[in-house]
Amino acid sequence: MAEADARTRMLGEWTGTSVEPGAGKPEPDVWTPVEVPGRPQVFSGADAAAYRSVFDDPRSGDEERAVVELRGLFAHARIWLNDELVGEHDAYFRPFRHAFEPDEENELIVVCRAPEDRFGGVHDTDLVPESDRVPGIWWDASIETYSGTFVFDLDVAPRLVDGDAEIDVRAVVETDTDLDDRMTFSLRPEGEFQSRGMMDRTTVEAAAGEQAVVEHTIEVRDPSLWWPRGHGPQHRYAVRAKLGDETRTVVTGLCSIARDDDGLVINGERVPGRGVTLLDGTPEDVERAVAANAALVRMHAHAPEPGVYEACDEAGLLVWQDLPLTGPGAFDAERGRDVAAAIDRTYGRHPSLAAYSVHDDPVEFCTDPLGSGAIDRLRLRWRAWRTSYDRGPADAVAAAFPEDRIVLPVVGPLGSDADATALYPGWDYGESGDVAWLRDTFGVGDVIGEFGAGAFGSVVPEDVPGFDRAKHDARVEEGVDTSQRYQAGVVKRVAESLRRDGTALFAAHTLRDVDEAGMGLLERDGTEKAAFDALRDAYEPVQATLVTPVAGEHSEIAVCNDGTAAVDATVEWVAGDAEGEAEVAVDPGSTATAGTADLPGDADAATLTLELSNGVVENSYDLR
């Protein structure tokens, strides 16, 4: 969102209390001190909570107006200021802003309640623990001060047009006097790179006490583009709206994002779509995704705090953004269209945003795991055949997004007619080596919304909500090491299979646990599980892989090149007492064969070493 070039400070001390949903302004006997922003655990499990802040008049000098801004109001909120109901809010990812003339002392009361529609996403399920679902002011609570006339809000929507660019700007102006003036829009490079700046002026008129909406398009000649990491620099621009002495600024970037039969195309160049999903993502998770060699993060059925997108823009990490909608059940398509429009208005300025999804996991599929034998394969076919989902509402919501966006309406299991398949060999069904069979049998396309397996963290926990212990125990004997080793093997083999197949978009589920166990490659605190290293190796931009990493097999060696230049390399392999070597040439964005490795039946491990012109890359396999 826009940042005010104004006087801004955090609101002071807060108190809170549990309340009944749907009640009026709360007037409890006791308010308990709480931390805001945040998710106060005293309200864990509550359906609704009220928060109260009392603050003095924040103005000084010639300042006449103030704006209270609240970010992360989960999930539905009603806001009172000095006994007046000043607003209701139902999109936690979009800031609530209210302009007012402060009293000498002011009382702000915010009542947040749990979602009553389907759009709470993962935070309305047991995919995250109850402690992370607290109704509250999650991200920020601040107050800004201004003169009597100022730029209240600013949204931008960039796009490339025939080699140049256009940025649609929408500014909202608040005024306490009759206004007939000129607003200046300027565009400047953000950072140290050199690029042309722009400056335009347009008329703004409003009567005293009114809001004026100013819409304008900035034309950008010879723009400096934003590129994904490894393909170019992450150029960005600051768009500023100025009215008198008051300004408001938004940072954006310029790039084109498209999808063809072969995958993602950014600024006309092919880019890889290897990724990870995030549950309740944080800016630190962006750093962790980069460390895992991911090129993309999928915001799994939630909308992240603003800092996550800022981090992705800076790191050159692409974003696949879900609506906060997951699980079986009907939903209101009209409400969904409103949420989709608000999502795009909020995050659409970010050059990292590559794709949208609407409905995640819309049907129950494998409540109990299936093996890989003939009978279980028949059962899997039967389950897929009888799976039924009406995708009409999801398609209707998808139509609310701009036409130039990549939109994948449904992320779902086999048989759900999904645009992005949730593919779980080695966890829900079959074995991790069944990817090719599953794709051929069920017509799985080139977008995989999620794959993976679950594992314990540092300890064997009791039952953890959101973690399917029955599926885990059907695959793994008791113990942390065994659990993590199994997860690592599944994640590695599926990821490498998808890379070799040239899959356009695919995301391992998920980067980090949100509880004591889960599908995460990392524990809740960021401690690495074995699967993190396994995925990091599988996602290395140029990597040698074993097609069949099984002791006693004659495995083909395939080298994947996600880079922008051709590779001439030497591959060496070692497994037990056996070893070999081969030369290989791989074009950019391609996979080539580099001979065969004869893996001894008694080998516990195998290692591939890829000697490149700029260094050496290793890839190890546990064959136990």
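Which element gives the most residues to the lining of the second largest pocket? That element is α8, with eight residues, where helices (H or I, at least four residues) and strands (E, at least two) are DSSP runs numbered from the N terminus. The model is a predicted one, in which local features need pLDDT of at least 70 and side-chain atom pairs count only at pLDDT 80 or more, while totals for chains, interfaces and linings use all residues. Residues are numbered from 1 along each chain as its sequence is written, and side-chain values use heavy atoms, with hydrogens and water left out.

- The largest pocket holds about 930 Å³ of space, a pocket being an open set of points on a 1 Å grid over the protein atoms alone, where a 1.4 Å probe fits and protein lies on both sides within 12 Å along at least five of seven lines.
- It is lined by 41 residues, of which Leu 127, Asp 361, Glu 450, Gly 466 and Lys 471 are the closest to its centre; lining residues have an atom within 4 Å of a point, and a volume is the space filled by probe spheres set on the points, which are joined across faces, edges and corners.
- Strands β26 (406-412) and β31 (517-518) each supply at least two residues of the lining of the largest pocket, which by class has 19 nonpolar, 11 polar and 11 charged residues.
- In this classification Ala, Val, Leu, Ile, Met, Phe, Trp, Tyr, Cys and Pro count as nonpolar, Asp, Glu, Lys and Arg as charged, and the others, Gly among them, as polar.
- The second largest pocket has a volume of about 660 Å³, and of the 22 residues that line it, Arg 485, Ala 488, Gly 489, Val 490 and Asp 622 are the closest to its centre.
- Two or more residues of the lining of the second largest pocket come from each of α8 (480-500), α9 (530-538) and β38 (615-622), and the lining divides into 10 nonpolar, four polar and eight charged residues.

**Strand β6 and its partners**

- In strand β6 (residues 65-74), 10 of the 10 residues are buried, so the strand is largely enclosed by the rest of the structure; buried means under 20% relative accessible area, exposed over 50%, and partly exposed in between (1.4 Å probe, protein chains only).
- β6 pairs with strand β11 (residues 136-146) in the antiparallel sense over nine bridges, pairing requiring that DSSP finds at least two bridges between two strands, and Ala 66 stands opposite Thr 145 in β11.
- β6 also runs antiparallel to strand β9 (residues 96-100), with five bridges joining them, and Val 67 has Ala 99 of β9 as its bridge partner.

**Helix α2**

- Helix α2 (residues 306-315) has buried residues including Val 308, Tyr 309 and Cys 312, and just after α2, Gly 316 takes a positive phi of about 75°.
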